[in-house]
Every structure is written in structure tokens, then in C-alpha cells.
Amino acid sequence: MRKALFGLLALLVLAPALARADDAPMTLTIRDHAFNPTEIKVKANTRVQLMVINEDATPEEFDSSSLKVEKVIAGKSKGIVRIGPLKPGRYPFIGEYHESTAKGVVIAE
Amino acid sequence: MLGALIIVFREVIEAGLIVGIVMAATRGVLGRGRWVSIGVASGVAGAAIVALFAGAISQAFEGAGQELFNAAVLSIAVVMLMWHNAWMARHGREIAAEMKQVGTAVSEGARPLTALAIVVGLAVLREGSEVVLFLYGIFASGTSGDALLVGGLLGVAAGAAFTALTYFGLLAIPTRYIFSVTSWLIALLAAGMAAQAVQFLNNAGWVVALDRTVWDTSWLLSEGTIFGKLLHTLIGYTERPTEMQLLTYIATLFAMFLLMRIARPAAPRRHVPAPAE
């Protein structure tokens with residue numbers, strides 16, 4: 001019984017770490033208020049990490065209601081955006097501070 | 001300029017809606033103007049500080065600092081809103097009765113005012129820091145920034161006007177009903193905030209359980225539109241809620257009403273204390 005409890009505890013502690021290990025890191029760069037690449041392909045139904053690197057001097061907000069993310073990336077800095085699990089489909093995102101130029105889409109397949 | 005106005009307005013109305021509801025919910029309570037002002041002022045100051053340290057906050061907790069910060073801010077606001085509603089469940093009747101008799105402000109309790117001042121402060125802090133960062137970006141990029149800056153300031157003004165509209169709209173509700181209406185609004189507001197908080201914990205990689213999407217109504221109403229954003233703040237509308245968000249939403253509403261029921265005086269008709277005589 002006690003062993004089972006410990007096992008359960010260990011699982012609870014380790015589960016997030018395991019989930020993190022599954023993540024495939026991908027890089028997205030912001031330069032001159034635009035994303036590069038503008039299309040990112042990810043595996044459907046898995047959690048994915050995007051490393052967003054802001055090379056501009058000004059801050060940008062990675063914003064997507066479909067990806068359920070709102071994250072400010074300070075100027076000359078980077079941030080991790082965690083998304084998924086996503087059903088297959090297209091998920092647009094924008095840089096909210098420069099909506100006319102900063103656009104991209106995540107494609108889950 | 002119009003673009004800047006819309007961006008800033010979109011951020012400001014979220015906080016504005018909350019301030020408007022709080023103002024209406026404390027109708028007739030003495031000293032609320034001062035408390036709400038303190039809330040707004042400290043929120044603005046806090047927003048500037050948060051914006052200043054945006055980079056450092058982001059890097060904290062293995063890059064999950066910003067998400068955890070947002071989740072913490074939202075959670076504190078939820079607790080404060082619960083506290084307020086429980087307090088109002090106990091004392092609202094007396095305040096309404098006294099307001100009717102005297103037709104003026106009553107001195108009832110500073111307690112819910114501190115709670116609500118904190119809620120106002122946190123709302124302004126969260127949305128305000130994004131506005132500050134946006135305006136800073138305009139400043140920093142130098143050229144042709146003037147028109148954008150004017151647009152941004154007009155956006156703040158439009159947001160303030162929207163707050164006033166919310167407030168006076170709620171004031172049109174008869175005194176008898178106003179506290180039950182604002183209690184409902186605050187309950188829904190809190191449930192929406194709690195659902196948002198768990199999503200931030202998910203984005204941080206801390207709470208990843210039950211992360212499947214329950215439904216997708218983005219075709220019907222996108223959160224990106226102003227109306228979608230308003231409903232998002234007001235009742236927690238989410239175009240693609242996860243199972244965890246839905247559960248949290250329901251659990252928060254349930255906890256809120258349970259707390260209000262516990263706080264309610266046992267037999268209100270017979271045991272109404274002093275003020276009604």
C-alpha cells in the first residue's frame with residue numbers, strides 16, 4: 001500500500017518532467033516586427049515548445065487566441081511559448097504590437 | 001494612429017470593465033472613490049514597474065515567470081472577489097436598506113473596499129503593463145511616433161469613457177436589485193479569471209492535466225474581436241476552453257455561491273441588526 005502511494009507520488013512529481021521531455025523545441029525569430037518563419041509545422045496532439053527570439057529593440061506580444069497564448073517578449077530577449085496539444089489545423093498568431101507586419105501560423109498535422 | 005488607438009483601447013477596456021463593476025458594486029459605501037483611486041493609481045505605478053522588469057520576470061522560473069506572475073495576480077483577484085461577495089452577502093441588505101432611508105452614502109465597512117481596491121489595482125496592473133510596453137515601443141522606435149502616441153493616449157481616454165459607461169449603465173439598475181446584479185457579475189468575473197489563471201499555469205508547464213479542448217466556438221465569436229474580448233472579461237468567454245478551464249470555472253462559481261450562502265445571516269427577517277431599527 002505504502003509502496004503504491006510512493007509510486008503514485010513519484011509519478012505525480014515526474015509526470016510534468018516527462019511531459020516536458022516530449023516537447024520538440026522550435027525557434028521563431030522576430031526581426032523588423034515580423035516573424036521568421038511565418039509558418040511552423042508541429043505534430044498534432046502533442047505539447048510543443050516554441051523559443052521566440054526577439055531581435056528587435058522594442059517589446060512584442062506573441063498573441064493568439066486559438067493557441068491560447070499571450071506572452072510579452074521584451075526587446076533583445078527571448079521567451080518560451082508552450083502550446084498544444086493541438087488538433088490538426090491552422091492556428092494563426094500575431095505580434096499584437098505590430099499586427100500589420102507580425103503575422104504567422106502554426107500548422108498542426 | 002487608429003491602430004494604436006484600437007490596441008490600447010482593447011487593453012484598457014478589460015480593466016475598465018472591472019473598475020466600472022467595482023464602482024457600481026460599492027455604490028453608497030463611504031470613501032469608495034478614494035479606495036478605487038488608490039487602486040487605479042497603484043495599478044498604474046505597478047504596471048510601469050512590471051513593464052520595466054518585463055525581461056527579468058520572463059526569465060524567472062526557467063522562462064515561465066511571466067505566466068506564473070499572471071496566474072498569481074489573477075488568483076489573488078479571485079480570492080478578493082470572493083471575499084467581497086461573501087461580505088456583501090452578509091451586509092448588502094443593511095447597506096441597501098440604509099441607502100433607501102437616508103438616500104446618501106453610508107459608512108458601512110472599509111473591509112470590502114480594501115479587497116476591491118486590490119482587485120482594481122491588479123486589473124490595472126495586468127492590462128496596464130501591456131499598454132506601457134506598447135507605448136514604450138513607440139517611443140523607442142522614434143520616427144513618426146507622435147501620431148501613434150496620440151492614438152495610444154486617445155485609446156486610454158476611450159477606455160476611461162467606457163468605464164464611465166459601464167458604471168452609469170449599472171447605476172440605472174434600481175437600488176433594490178443592484179447588489180444582487182453586481183454580486184452575479186462579480187461571481188462570473190471571478191470564475192472567468194480563475195479559468196484564465198489555470199491556462200497561464202498550463203502555458204507555464206505547471207498544470208498540464210486535462211488540457212484537451214472541450215469545444216471550439218471561434219467561428220461564432222472570436223476572442224480577438226472587441227465583443228469577444230468584452231465577454232471574455234465579463235463572463236470568462238473562451239473560444240476553445242480546455243477541460244481544466246471548464247472545471248475551474250464551474251468550481252469557482254460553486255465555491256463562490258457556497259461561500260455567499262454560508263456568510264448570509266441565518267434568518268434575515270428577524271435578525272437584521274441595528275441599522276434598519
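Here are a few worked exercises on the predicted two-chain model above.

Residues count from 1 along each chain as written, with chains lettered from A and ligands numbered from 1 in the order written.

**Exercise 1.** Work out which elements make up chain A and in what order they run.

*Solution.* Chain A has one helix and nine strands. Next, read from the N terminus: α-β-β-β-β-β-β-β-β-β.

**Exercise 2.** Is strand 6 of chain A enclosed or open?

*Solution.* Across the 109 residues of chain A, 41% are buried. Now go to strand 6 of chain A (residues 69-73): five of its five residues are buried, so the strand is largely enclosed by the rest of the structure. A:Val69, A:Lys71 and A:Ile73 point one way, and A:Glu70 and A:Val72 the other way.

Then look at its pairing (at least two DSSP bridges between two strands). Strand 5 of chain A (residues 60-64) runs antiparallel to strand 6 and is joined to it by five bridges; one of the paired positions is A:Ser64 with A:Val69. Four residues sit between the strands of this hairpin, where A:Lys68 takes a positive phi near 60°.

**Exercise 3.** Find which helix of chain B gives the most to the side that touches chain A.

*Solution.* Contact here means C-beta atoms, placed from the backbone, within 7 Å. The contact takes 26 residues from chain B and 23 from chain A. On the chain B side, helix 3 (54-63), helix 5 (111-140) and helix 7 (175-203) each supply at least two residues. Helix 5 gives the most, with six.

**Exercise 4.** How do helix 1 and helix 8 of chain B cross?

*Solution.* Axes are lines fitted to C-alpha atoms over the stretch in contact, with angles from 0 to 180 degrees between N-to-C directions. For helix 1 (residues 2-25) and helix 8 (residues 226-235) of chain B, the axes come within 10 Å and cross at roughly 30°. That makes the two helices roughly parallel, a label for angles under 35 degrees. Helix 1 of chain B contributes B:Arg10, B:Ile13, B:Glu14 and B:Leu17 to the contact, while helix 8 of chain B brings B:Ile226, B:Lys229, B:Leu230, B:Thr233 and B:Leu234.

Conventions. Predicted model: local features only at pLDDT ≥ 70, side-chain atom pairs only at ≥ 80, totals over all residues. Buried ≥ 20, exposed ≤ 12 C-beta atoms within 10 Å, placed from the backbone. Contact = placed C-beta atoms within 7 Å. Parallel < 35°, antiparallel > 145°, perpendicular 65-115°, else oblique.
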